Amino acid sequence: MHRKKGTWLTERVVLVTPQHLGVVCVLASVLGVFSWGVLDGPARLALGAASVSLVCVCAAMVMLRVGHQMAQERSHHSVAHFVTNDSAPSFITRQDGQIAFANPAADHIFGVTKDRTMASVLADRLGNPGSVLFRLQSRAETSGAAREEIVTNSGQILLAVHAIGTEGFAWRVEPQNAQAATAGMTGDTRILPMLMVGRSGAILSMNHAARQFVGMRSKSLDDIFTEQVVVPGTVMQVATTTGSKPALIAQTDAGAGRSALYFLPPPATGEVLPNPDWQVFQDMPIPMIKIAPDGTVQSFNKRASKLIGVVLEEGAHLSALMEGLGRSISDWLEDTLAGRLVQKSEFLRLTRGDREAFVQVTLNRVEEDGTPALIAVLHDATELKSLEAQFVQSQKMQAIGQLAGGVAHDFNNLLTAISGHCDLLLLRHDQGDSDYSDLIQINQNANRAAALVGQLLAFSRKQTLRPETLDMRDTLADLTHLLNRLVGEKVTLTLSHDPVLQPIRADKRQLEQVLMNLVVNARDAMPTGGEIRIVTECTHLSGPMSRDQVTVPAGEYVTIKVSDDGVGIASDKLQKVFEPFFTTKRTGEGTGLGLSTAYGIIKQTGGYIFVDSREGVGTCFTLYFPVLVQTDKIEKPKMEEASPVVQTAPKGGVILLVEDEAPVRAFASRALRLRGYIVLEAENAEAALETLKDQDLKIDVFVTDVVMPGLDGPSWVREALKMRPGVRVVFVSGYAEDSLGEAQKKIPNSVFLPKPFSLNDLTETVNKQLH
């Protein structure tokens, strides 16, 4: 607190209470009596001098305190004279909150304030005045003054306080809106009844109109509403001291978990609304529209205009303002006028073009001078519909993930048998044979089918990734030739790289698939030609970046932007581009799977993808990849061989092969026997455990499928390792490696081999485990 010079002693004296002064005086008297009645000589003189000094100090402090109190009273009188004619209620209080002065405006509005505290004066306006006053007074003691806008049951007020010296405070209560001003802060019959309700249903405050309507002050919604659940926009029965009364309930958010409930006149069928004054509803925080029987807008309040936008005007038809009812809006209005609908709410989409917004609309029938009309009570349901869309999207992705996993498992088993037996045939043919080229075609198409299954798994982000350290300049340089062939002659492809581009870690094959999808989409968006730009750069985020309901953590990222000058994407479709099977192309031109695949790959890699688009201007996809802390040299990807290479494997290993699919088991056993292994076959886990009961049988490696009828792979392997703890394990599965999860980590000396696998993949994996 800022203090003027010369006030230090006064403030310290104020801290000395009359009780303290009494103690000092008693101590001085005791010293005086003791010195003259008991001691002799120098000791008597010393104690006597101390006693006289204490008496002098005590007298000085009394004089200073009296002077300070006189100065404080003069200060209070001066402030009181200043605020006497103030039109706003003003008070002067002491440190304990006791009112020392109130101006005429305060006495007029709050009644007699003599011998009362500020908390008792504001108790009818605020739910918890003590905490508010304590907070403001503490701030005033520190900084000299404090002020705060507060919502009361009579409207919004500005409560200001100024410190007067060290023991006094000047308070001013100023209305901040027309509601509080016209109500005189005591309530007005023109003000609609309003309840301020907390999270748990407790009533925090009731305005004067609400107390008059109910007849008493209630503490819970259960005391007022006979129904168990309060439904905004409907007519409900309100329990009052004079019986049950109907009221149309309107609700608005008041912040901090609170909500305001308003009691509106109940527009029942056949009821005549006498002289409705729409000016009363202009300042209502509830969007309301008056509609003619034919659907044209007759009147509306400010909140409705703000919610619906500039398209809302008198004479406009309701069908031009909102859509998505599923039937004719005229039929909906006719059913409501005829009484065939009883307070049924509908969720509609507003036609405003700047953003997507939804409203919950409740229609109520009224009569004005014998002419029927409708009152539409609106509630902004955009956030609710957004949450509903997210939930539906989550369910959709979960269902597709389950479908993709099941289909991928069956397809991978078939592809393993096809490509595996093709590898066995290639071992018996050389390049000079007439059938060799046909076998290569079968092998290549089986690999293409396996890549499609991998895209299917990308929907649910469950494909098996093989990440490696990548430099995007090298990756795009390798891909440029293929991309140029994809875009054609009408479209120009330009690349721009950051001169200091950091490495990232990702699956190169999958990342190339993402870039190809984005480039092909950009090409299709420019049928007459144009330019596709791919820009890579390093981006530093100093803080978290939030957009599209995603938060990107702070850090270093490599961004890849793929932009075009095409037709763009409509704003209402922009949020759906990553949904499976959603496409803006004509039937037969696209499946709607490309961007879904890209989204799944990017998210599983640990990156982020965003889209920006404007119709007629173009579209830009931005990819964020975390920068990899470079520790080793950039890994060079291994080149895939066009045909299997025969390698000589060490002899003598005993393999227990457990596979429920007969074609896969037949191929795997032949492949392992060709490499010199002894193979024991089992069609399920139970048969494998039965084989292991032979104690004389030595097993070196278990090769087992993960998903099988009965016991699955990890379960039977754990049982087997109790009897044979030293055996190594190779798990194979048509699902992704993530499906094995923690089960594999708990099994020592185990590796994972995804289906479809080639002859070399299988034999090399077993050889590494064996040696």
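I532 touches V487, V491, T492, L493, T494, V519, A522, R523, M526, V562 and S563, leaving out residues up to four places away in sequence. Touching here is contact, meaning heavy atoms within 4.5 Å. This is a predicted model, where local features need pLDDT of at least 70, side-chain atom pairs count only at pLDDT 80 or more, and totals for chains, interfaces and linings use all residues. Residues are numbered from 1 along each chain as its sequence is written, and side-chain values use heavy atoms, without hydrogens and water.

I532 also belongs to the largest nonpolar core, which has 35 residues. M472, I532, I534, F621 and L623 touch the most other members. Helix α15 (residues 508–524) gives the most to this core, with 6 residues. A nonpolar core joins buried Ala, Val, Leu, Ile, Met, Phe, Trp, Tyr and Cys residues through side-chain atoms within 4.5 Å. Buried means under 20% relative accessible area (1.4 Å probe, protein chains only).

Now the sheet. Five strands form an open sheet in the order β27-β26-β28-β29-β30, with parallel pairing. Each of β27 (678–682) and β30 (750–754) is an edge strand with a single partner, so one side of each has no neighbour in the sheet. Strands pair if DSSP finds at least two bridges between them. Helices (H or I, at least four residues) and strands (E, at least two) are DSSP runs, numbered from the N terminus.

| Helix | Lies across | Angle |
|---|---|---|
| α17 (residues 662–674) | β26, β27 | about 165° to β27 |
| α21 (residues 759–770) | β26, β28, β29, β30 | about 175° to β30 |

Technical notes:
Buried < 20%, exposed > 50% of the residue type's maximum accessible area, 1.4 Å probe, protein only. Axes fitted to C-alpha atoms, helices over the stretch in contact; angles between N-to-C directions.
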